[in-house]
Amino acid sequence: MTKTEISEIKALLSSPKSIVIVPHKNPDGDAIGSSLGLYHYLLQYKHNITIIAPNDYPSFLKWMPSENKILHYDTNKDKADILIHNADLIFTLDFNALFRTGDMEDVLNTSNGLKIMIDHHQQPADYAKYMYSDVSMSSTCEMVYNFIEFLGDSEQINSAIASCLYTGIMTDTGSFRFPSTTSRTHRVIANLIDKGAHNSEIHNAIYDTNRYERLQLLGTALSNMKVLPEYNTAYISLTQQELDTFNFQKGDTEGVVNYALSLKGIVFAAIFIESSQESIIKISLRSKGDFSVNEFSRAHFNGGGHTNAAGGKSELTLTKTIEKFISILPDYKNALTP
Ligand code: 5GP
Ligand code: MN
């Protein structure tokens, strides 16, 4: 952000405003963490603020301070539409294009609220008056930390802000191990601990609150894993029936694709998850090194994301989706062979 933009935003925030904060659909730790972190920061300036999430999110995020104040668009559309229409400012967090909010896209498009994007995904769309978009960033939470710093307000970071921002940095960096983790990320994390983020408790709340059935589902996913050594690729699939058997809950498959990527020598991993409710196959793609799953997903599976982590979807059956995936790999043989 330029100095001029920062002083313009500072001026806007200097008097109470109606503010809406929007994360992407199926929000993850970074989307909810950045939304709540920004919420707790703006709250100190007496604004009227509502976080509106397109839909629900995993229960392992539901300990976060003021999480229970988040409005869910899918179950509270009328109230949410009014808030969005009347908003002076709309912060859009952790996504690069309005369609990533699902059914909120239209009302966001038509609202006159001034939009501020904070995001680290590739190919940002041009809908916001102020764009803080940086694909080199570990997480939107790290960017919200920077944003608060740009506004000269580091001293305002309290323990609620710190806990929320810590969470999203931790989840989006795979607990500080992905290449997007910089020394600066660690410095930010150190500051957040100093400001009151209880690091060990946060790790525990996110990663060590599993239901027995979730681990059983993981067992099934691992049994279903297939390796394609000639492409240094591994993939996992889960049918709707398998999800039902283990009483699938939102978030249960989060991180499962990383097991495929943890195999020695594997540089490309995918998980295909059947959703009979949405009539699609949800796809998560992960890679190591230069192979861009963002490009791969954009080209073949109607999605995108980052170089090493992207999502996508397919309207074919699970079997046909996997057949398509396998049939494409020869085109990428060079890129997949180190
Ligand atoms: P996941 O596999 O966990 O759903 O997504 C991996 C990463 O890709 C996340 O940062 C997520 O926000 C992003 N992502 C998922 N789906 C899409 C998509 O359709 N478009 C874009 N641009 N990013 C996506
Ligand atoms: Mn993110």
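Visitor: How do the axes of helix α5 (residues 140-150) and α6 lie to each other, and how close do they come?
Guide: In this predicted model, the axes of α5 and α6 cross at roughly 140 degrees and come within 7 Å. An axis here is a line fitted to C-alpha atoms, for helices over the stretch in contact, and angles run from 0 to 180 degrees between N-to-C directions. Helices (H or I, at least four residues) and strands (E, at least two) are DSSP runs, numbered from the N terminus.

Visitor: Why are α5 and α6 called oblique?
Guide: Under 35 degrees counts as roughly parallel, over 145 as roughly antiparallel, 65 to 115 as roughly perpendicular, and the rest as oblique. The crossing is at roughly 140 degrees, so α5 and α6 are oblique to each other.

Visitor: Which residues make the contact of α5 with α6?
Guide: Thr140, Cys141, Glu142, Val144 and Tyr145 of α5 make it with Leu165, Gly168 and Ile169 of α6. A contact requires C-beta atoms, placed from the backbone, within 7 Å. By class there are 5 nonpolar, 2 polar and 1 charged residues. Ala, Val, Leu, Ile, Met, Phe, Trp, Tyr, Cys and Pro count as nonpolar, Asp, Glu, Lys and Arg as charged, and the others, Gly among them, as polar.

Visitor: What makes α6 and α7 roughly antiparallel?
Guide: The axes of α6 and helix α7 (residues 183-194) cross at roughly 150 degrees and come within 9 Å. The cut-off is over 145, and α6 and α7 are therefore roughly antiparallel to each other. In α6, Ala162, Leu165, Tyr166 and Ile169 meet Thr185, Val188, Ile189 and Leu192 of α7. This contact has 7 nonpolar residues, 1 polar and no charged.

Visitor: How do you know that α2 and α6 are roughly antiparallel?
Guide: Helix α2 (residues 29-42) and helix α6 (residues 159-172) have axes that cross at roughly 160 degrees and come within 8 Å. The angle puts α2 and α6 in the roughly antiparallel class, therefore. Among the contact residues are Gly29, Gly33 and Gly37 of α2 and Ala160, Cys164 and Gly168 of α6. The contact of α2 with α6 divides into 6 nonpolar, 8 polar and 2 charged residues.

Visitor: Is the crossing of α2 and α6 left-handed or right-handed?
Guide: The crossing of α2 and α6 is left-handed; the term applies if the near helix is turned anticlockwise from the far one by less than a right angle, and right-handed if clockwise. The α6 and α7 crossing is left-handed too.

Visitor: What makes a residue part of the shell around ligand 1, and which strand gives the most?
Guide: A residue is near a molecule if its C-beta atom, placed from the backbone, lies within 6 Å of it. The residues surrounding ligand 1 include His24, Asn96, Arg100, His121 and Ser284. β11 (304-305) and β12 (309-314) each supply at least two, and β12 gives the most, with 3 residues. The shell divides into 2 nonpolar, 9 polar and 1 charged.

Visitor: Where does UniProt place the feature "domain: DDH"?
Guide: The unreviewed entry puts it at residues 18-169; such annotations may be inferred rather than shown by experiment. That span is 34% helix and 19% strand.

Visitor: How are residues numbered, and which residues count?
Guide: Residues are numbered from 1 along each chain as its sequence is written, and chains are lettered from A and ligands numbered from 1 in the order in which they are written. Local features need pLDDT of at least 70 and side-chain atom pairs count only at pLDDT 80 or more, while totals for chains, interfaces and linings use all residues.

Notes:
Contact = placed C-beta atoms within 7 Å.
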